[in-house]
Amino acid sequence: MIRRLVVLTSLVAVVATACGGTDDGAADSITVYSGRSEELVAPLIELFEEASGIEVEVRYAESAELAATILEEGTNTPADVFFAQDPASLGAVALGGHFRALDNALLDKVDPGFSDDAGRWVGVSGRARVVVYDSGKVDSATLPATEDGFTEAAWAGRLAVAPTNGSFLAFVAAKILIDGEAATLRWLEGIKANDAPTYPKNSVIVAAVNDGEVDAGLVNHYYLFRLQDEVGTTVAANHFMTGGGAGSLVMPAGAGILAGSENAAAATEFIEFLLGAEAQAFFADETFEYPLANGMDPNEALPPLGDLNPPQLRLSDLAGALDRATDLVATAGLL
Amino acid sequence: MTSSTADQLNPAAPEAGTLRNEDAAAPTWLWVAGVAVVLPALIPVVALVGRVIGASDAAWDALVSARTAQLLARSIFFALVVTMTATSLGVAAAWITTRTDIRYSRVWSTLLALPLVIPSYVLALSFISFAGPRGLFADSTGVSLPSISGFWGAAVVLALATYPYVYLVVRSTIVRIDPSLEEAARGLGSSAAEAFRRITLPQLRPAIAASSLLVALYTLSDFGAVSLMRVDVFTRVIYAQYQGRIDRTPAAVLSLVLMLIAVTILWGESRSRGRSVYFASQAPRPPTRLGLAPRQRTAAHAFLSITVGLGLALPVLVLVAWLLRGLTTGGVIDMRWGAVLGSLSGSVAAGLLAMIAAVPVAVLAVRHRGRISRALRATVYAIFSLPHIAVALAVVFFASRYLGGLYQSFVLLAFVYATLFLAQASGATEAALTQINPSLEEAARGLGDNRLQVFRRITLPLILRGLMAGGALVFLTTMKELPATLLLRPTGFDTLAVRVWSTANELSYARAAAPALLLLIVSAVPMYYLIIRPRQRV
């Protein structure tokens with residue numbers, strides 16, 4: 001029996017080294033903390049690995065969680081690149097002083113309105129907030145131009161939200177900056193009072209709307225197109241709220257390089273790749289986001305960025321509002 | 001409770017039997033080893049306390065708020081509802097299968113214990129994927145049922161997941177009670193209900209108290225079921241704060257509060273045990289079973305069928321149905337071998353580490369009883385009872401700051417698993433050790449072997465079975481572990497539990513079915529042999 005134990009122990013040791021032993025110091029490997037989902041990012045990572053010969057380890061989690069992890073790890077962080085869903089999480093890492101300044105060559109590729117004003121992270125793709133609705137049940141003319149319309153009694157039980165989702169929290173943070181805390185809390189309480197059905201994720205809301213389970217939902221614009229890509233035509237449709245409030249926001253997903261990265265060259269190459277034609281075309285036509293590199297056009301199914309009437313907002317301010325957003329969502333009882 | 005497996009079921013089992021050489025001084029290296037395997041587990045907890053004490057005023061203000069009071073009230077009320085439901089279910093099931101003439105009572109006894117192998121979040125998944133939005137029922141009939149998520153739905157799920165703890169403990173006690181008192185009471189004109197309330201129940205009280213406190217502890221620590229079913233109790237809120245906020249202080253503060261509640265319950269549990277009365281180890285004769293009237297028989301059958309149906313049959317059938325749907329609609333099975341490998345390697349490593357660490361703790365507890373060994377042992381059991389999400393968060397704080405390369409490593413994760421579940425391994429080892437007559441070891445020493453030689457040649461071979469059983473328990477428990485894995489796993493490391501969790505969160509039930517079923521099978525077989533079968537024989 002003791003011999004069997006010894007054999008078992010050595011087996012585990014072998015497996016453990018096989019699992020954990022890949023990242024030892026090889027210069028052409030980087031670790032990416034990705035707040036964007038694996039489904040979305042994994043194919044891009046593969047393209048990059050093939051093109052560059054650089055090996056990429058990815059840790060997937062919520063953007064805010066990874067930002068907090070980086071703040072906690074400080075200089076110990078194994079991450080070279082932080083690729084986040086929202087500017088609030090990127091801003092938190094930037095405020096903590098954990099990003100290094102990016103090369104101007106990278107920053108110049110993107111409209112400065114979609115990047116950090118001190119050049120510590122760069123926007124990569126844009127995502128608009130929309131209301132996805134059941135075109136069979138909802139007359140598009142009755143859809144409000146700002147999110148404020150959804151607290152009215154006519155929408156009771158009809159607008160789904162994903163309150164624990166990072167994009168929802170970032171949207172609430174933006175609303176705090178635009179309308180103030182009191183108005184934001186009132187809005188959240190109104191949504192709660194309307195018995196908004198809550199779902200864990202945006203993609204699930206879009207599928208639920210398409211199946212007639214709920215009339216409408218507050219999500220990012222691209223989930224609908226991805227569903228259409230999968231199932232063909234949908235009864236669900238997107239409504240862009242062009243009233244200029246937080247609901248009209250175009251939020252960049254972006255990336256920055258950690259100050260302590262020992263593979264900064266490879267990390268820079270990764271971000272260059274994200275802003276290059278191949279990855280930007282992937283964002284446009286595979287994930288249906290707005291490509292943010294200059295000269296790239298969105299998929300023709302999308303309205304042009306210029307028509308969306310996004311509010312004026314300093315993206316770097318969002319970081320400070322994110323925790324308040326989580327608090328308000330909890331206070332309103334929406335979690 | 002004499003069998004070793006009985007004690008493993010219960011993290012706060014009474015200390016192993018009396019010994020001759022209580023005062024024998026242990027060699028220094030044994031003390032060092034004992035302290036060395038237990039102490040590191042406390043460092044993160046101490047670090048957490050330090051962090052909370054050093055927290056900003058704003059964090060303290062956040063703690064002392066109406067919301068926290070609400071959270072506290074809701075968590076405690078939730079634990080109370082689950083505990084009361086599980087206790088009623090467990091006691092009723094034990095009474096029916098041992099004291100009435102219900103048919104197939106042996107089959108029922110086994111079936112009633114089996115839900116123990118279903119992790120709470122798998123049970124929750126099966127409920128949601130049956131009756132919830134996008135579930136089987138809505139999918140095949142087009143009718144949406146009212147939401148089963150939320151407080152009451154989750155309470156039902158957790159009660160079904162935990163009643164076997166009460167059932168097994170109460171059942172093993174009830175069969176040892178001398179039935180003549182009950183029979184005398186009935187002979188003197190008491191109804192069966194009255195005889196149960198006035199005669200049986202008082203004798204069961206210690207067993208009920210101990211096992212229901214365990215249920216309360218389990219409920220308070222549960223993360224998976226309450227998260228999937230969206231009940232805002234401590235564990236879920238801590239995780240939401242961890243995911244959604246940049247500043248982690250509130251999560252730290254809430255974790256500490258949760259730990260304090262758990263320790264309080266644990267203290268209550270040990271007190272209830274201290275006052276408990278133990279019975280003759282075997283009833284003098286089997287009881288005369290109460291003849292049920294036809295109506296009562298129908299009611300008893302309905303009760304047992306509903307309990308077993310919801311706790312066991314429904315989850316298995318629902319998962320199989322989803323698996324088949326996935327298979328027929330074109331391979332959305334998504335079985336990742338990386339997850340299987342991750343689950344196995346993590347669990348095997350945890351089992352082995354726990355076995356190594358268990359030896360000094362058990363030897364000290366059994367052969368060298370005293371204040372320090374008692375304290376070590378109590379610490380091991382206290383850690384076992386702490387909610388994993390709180391411990392994991394403490395480890396995140398500590399490791400990310402001070403452990404550099406170990407943070408997010410397989411080694412650290414395996415170490416945390418082993419630490420959390422050490423009580424299972426050391427409990428089994430203690431039980432094995434008490435069965436060895438110390439004179440055997442003394443004789444070997446007298447014949448010239450030194451302590452290490454005695455241990456290697458006499459003690460180890462004799463306790464190996466117990467040690468292995470303990471390791472197997474740790475293996476199983478690790479397999480099901482979720483929150484610590486979510487917080488501490490290395491980049492790219494995946495387990496079956498994590499697959500179930502993340503696919504269930506996407507409501508991709510067909511994809512969740514395969515890992516969930518595999519998890520169920522893997523934990524069912526050894527659970528049956530280690531815990532359920534030995535207790536059936538009691």
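## Interface of chains A and B

Chain B and chain A share 4 salt bridges (a side-chain nitrogen of Lys or Arg within 4 Å of a carboxyl oxygen of Asp or Glu). The model is predicted: local features need pLDDT of at least 70, side-chain atom pairs count only at pLDDT 80 or more, and totals for chains, interfaces and linings use all residues. Residues are numbered from 1 along each chain as its sequence is written, chains are lettered from A in the order in which they are written, and side-chain values use heavy atoms, without hydrogens or water.

B:Arg401 and A:Glu72 form a salt bridge through their side chains, at 3.5 Å from N to O. To the side of chain B that touches chain A, α15(B) gives the most, with 6 residues. Helices here are DSSP runs (H or I, at least four residues), numbered from the N terminus.

The totals between the two chains follow.

| Item, chain B with chain A | Value |
|---|---|
| Residues in contact (heavy atoms within 4.5 Å) | 40 residues of chain B, 45 residues of chain A |
| Buried area (accessible area, 1.4 Å probe, lost on being put together, summed over both) | about 3,900 Å² |

Carbon and sulfur atoms give 57% of that buried area. B:Arg134, B:Ile246 and B:Thr491 supply 18% of the area that chain B buries against chain A, more than any other three residues.

Chain B also has a nonpolar surface patch. B:Val35, B:Leu39, B:Leu42 and B:Val46 make about 310 Å² of it. Patch residues have over 30% relative accessible area and no salt bridge; nonpolar side chains (Val, Leu, Ile, Met, Phe, Trp, Tyr) are joined within 5 Å, like charges within 9 Å. B:Val46 lies in helix α2 (residues 28–53) of chain B. Its relative accessible area is 57%, so B:Val46 is exposed (over 50%, with a 1.4 Å probe and protein chains only).

Terms used. Areas by Shrake-Rupley, 256 points an atom, 1.4 Å probe, with all protein chains shown as cover. Helix = DSSP H or I, 4+ residues; strand = E, 2+ residues; numbered from the N terminus. Buried < 20%, exposed > 50% of the residue type's maximum accessible area, 1.4 Å probe, protein only. Buried area = accessible area lost by both parts, 1.4 Å probe.
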